[in-house]
Amino acid sequence: MVFVGTAIFHTFRGSIEDILIFGGASIFMLSQVFGFTRFGFKTQPKLGIFAIASFVLMAAAILYLAPRHSIPNLVLLLAIIPIGAVLLLYVDDLVQPRPTIQVRRSRWLWGSWAVVFALIELVAYIGSKLTNDLVQFPTISVLLDPILETPIGRAVFVAGWLAAGVYLFGVRRSR
C-alpha cells in the first residue's frame, strides 16, 4: 500500500519517472499478491555477501565520481531496477504460516512509522506549494539536497539505501 500511495502522490506531483517506478512496482506486487501472476523462481534468489557488497560499493563509487543527474547515474538506476525485480520475482507458497505476535507488533510499529512520516511529508509538500515557502515547509528532498549535492553524501546515502533494500528484500535471511 505504501507503493500505491507513493504512486498516487507522484501523480499529483507530476513526476513521470516516479509514477512509472512506484506505479509499476505496485502493479507488479499486487498482481503477485492477488494471484494474477504466478511466475518466477521457486524460491527467492540468494546472493552472496561478496556480490551484494561489490554492487553497493560500485554504486557508491559511481555516485561519488559522477555528477548528479548524469548519464552514469541514469545507467546505475536502470541497472538497479531489474536487479530489484529479479529479487522479487519468486512465487511464495500458497499457504503461509501465521505470523508470530512479534512479527505482528513489528508490522504495526513500522506501518505506523511509515504512515506518520508519509503524512508529515504530505503536509510539508502541500504547505510548500500553498505558501511557496520551502523554508517553513521543507520536504524530505529539500532537506536532503545539501547532503546529496556533495559526492560523498550521494555515495553514502545510496550505499545505505541499497543495503536497506537488500535487508528489506530478505536476500540474506534464511526462511
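**Exercise 1.** Which residues does Ala66 touch, not counting residues up to four places away in sequence?

*Solution.* The structure is a predicted model, in which local features need pLDDT of at least 70, side-chain atom pairs count only at pLDDT 80 or more, and totals for chains, interfaces and linings use all residues. Residues are numbered from 1 along each chain as its sequence is written, and side-chain values use heavy atoms, with hydrogens and water left out.

Step 1. Contact means heavy atoms within 4.5 Å. With residues up to four places away in sequence set aside, Ala66 touches Pro72, Asn73 and Arg154.

Step 2. Ala66 is placed in the loop between helix 3 (49-65) and helix 4. Helices (H or I, at least four residues) and strands (E, at least two) are DSSP runs, numbered from the N terminus.

Step 3. Ala66 has a relative accessible area of 8% and is therefore buried. The classes are: buried under 20% relative accessible area, exposed over 50%, partly exposed in between (1.4 Å probe, protein chains only).

Step 4. Between Ala66 and Pro151 there are 7.8 Å in space, C-alpha to C-alpha, although the two are 85 residues apart in sequence.

**Exercise 2.** Describe the chain as a whole.

*Solution.* Step 1. The chain contains 7 helices and 0 strands, and its pattern along the sequence is α-α-α-α-α-α-α.

Step 2. Of its 175 residues, 25% count as buried. The accessible surface is about 12800 Å², and 75% of this belongs to carbon and sulfur atoms. Such areas come from the Shrake-Rupley method with a 1.4 Å probe; for residues, only the protein chains shown count as cover.

Step 3. Consider contacts between residues at least 6 apart in sequence: 60% of them join residues at least 24 apart.

**Exercise 3.** Which residues form the nonpolar patch on the surface?

*Solution.* Step 1. Patches are made of residues with over 30% relative accessible area and no salt bridge; like charges are joined within 9 Å, nonpolar side chains (Val, Leu, Ile, Met, Phe, Trp, Tyr) within 5 Å. A salt bridge is a side-chain nitrogen of Lys or Arg within 4 Å of a carboxyl oxygen of Asp or Glu.

Step 2. The nonpolar patch consists of Ile21, Ile71, Leu74, Val75, Leu77, Leu78 and Ile81, with about 610 Å² of accessible area together. Helix 4 (residues 71-88) gives the largest share, 6 residues.

Step 3. Leu77 lies in helix 4. Its relative accessibility is 34%, so Leu77 counts as partly exposed.

**Exercise 4.** Which residues form the positive surface patch?

*Solution.* Step 1. Lys and Arg count as positive and Asp and Glu as negative, while His and the chain ends are not counted. The place of a charge is NZ of Lys, CZ of Arg, CG of Asp or CD of Glu.

Step 2. The positive patch is formed by Arg98, Arg104, Arg105 and Arg107. Arg104 belongs to helix 5 (residues 101-131).

Step 3. Arg104 is partly exposed because its relative accessible area is 31%. Apart from residues up to four places away in sequence, Arg104 touches Arg98 and Pro99.

**Exercise 5.** Is Asn132 buried or exposed?

*Solution.* Step 1. Asn132 lies in the loop between helix 5 and helix 6 (140-148).

Step 2. Its relative accessibility is 73%, so Asn132 counts as exposed.

Step 3. Asn132 has a positive phi of about 55 degrees although it is not a glycine. Most residues other than glycine have a negative phi.
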